[in-house]
Amino acid sequence: AEIEAVRAPVEFVRANFARDITVADIALAAHLSVSALERRFKKHLNKTPRRFLIDTRLEQARRLLVESEAPIAEIAFAAGFSDHSYFSQQFRKFCGVLPSEFRRAATFAAGAS
């Protein structure tokens with residue numbers, strides 16, 4: 001039942017992360033106030049709705065870096081980031097390497113297997 005508390009906003013983020021959505025949009029979709037949404041995310045996911053949105057976008061970008069040969073700027077945009085340098089900075093925080101380094105390592109690993 002714990003996960004029920006955040007199911008609607010989590011599903012909304014997963015379905016809409018590529019669009020230009022805000023925390024207010026997520027709260028609206030979940031029929032919650034922004035503060036209630038933030039409390040639920042902190043309690044159940046131990047992160048803010050904004051962090052969850054960014055992490056969801058980064059997961060998608062990571063997948064696209066491995067599965068596609070699209071330019072990194074295109075992947076950033078497809079994952080919902082409008083600013084390429086912000087994307088690179090967030091990706092590095094999340095994965096410990098820049099998107100280009102991540103792709104190189106993933107490509108190398110695929111070739112080595």
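**Helix packing and nonpolar cores**

In this predicted model, helix α4 packs against helix α6 (residues 84-95) at an angle of about 90°, and their axes lie 10 Å apart. Angles of 65 to 115 degrees count as roughly perpendicular, and α4 and α6 are therefore roughly perpendicular to each other. On the α4 side, the contact is made by Arg-50, Arg-51, Ile-54, Asp-55, Leu-58, Glu-59, Ala-61, Arg-62 and Leu-65. These residues meet Tyr-86, Phe-87, Gln-90, Phe-91, Phe-94 and Cys-95 of α6. By class, the residues of this contact comprise nine nonpolar, one polar and five charged.

Within α6, the buried residues are Phe-87, Ser-88, Gln-90 and Phe-91. The twelve residues of α6 should span 16 Å at 1.5 Å a residue, which agrees with the 16 Å between its end C-alpha atoms. Gly-96 follows α6 and has a positive phi, near 85°.

In soluble globular proteins, nonpolar side chains tend to be buried together. The largest nonpolar core of the model consists of 16 residues, and Ile-26, Leu-37 and Phe-41 have the most contacts inside it. Two or more residues of this core come from each of α1 (4-16), α2 (23-29), α3 (34-45) and α4 (49-67). The most are given by α1, which supplies four residues. Leaving aside residues up to four places away in sequence, Leu-37 touches Pro-9, Val-23, Ile-26, Ala-27, Leu-32 and Pro-49. A second, separate core has 14 residues, among them Ile-54, Leu-64, Phe-81 and Phe-87. Of these, Ile-54 and Phe-87 also take part in the contact of α4 with α6.

How values were computed:
Residues numbered from 1 in each chain as written. Predicted model: local features only at pLDDT ≥ 70, side-chain atom pairs only at ≥ 80, totals over all residues. Heavy atoms only, no water. Core = buried A, V, L, I, M, F, W, Y, C linked by side-chain atoms within 4.5 Å. Buried < 20%, exposed > 50% of the residue type's maximum accessible area, 1.4 Å probe, protein only. Contact = heavy atoms within 4.5 Å. Axes fitted to C-alpha atoms, helices over the stretch in contact; angles between N-to-C directions. Parallel < 35°, antiparallel > 145°, perpendicular 65-115°, else oblique. Nonpolar A, V, L, I, M, F, W, Y, C, P; charged D, E, K, R; others polar. Expected span 1.5 Å × (residues − 1).
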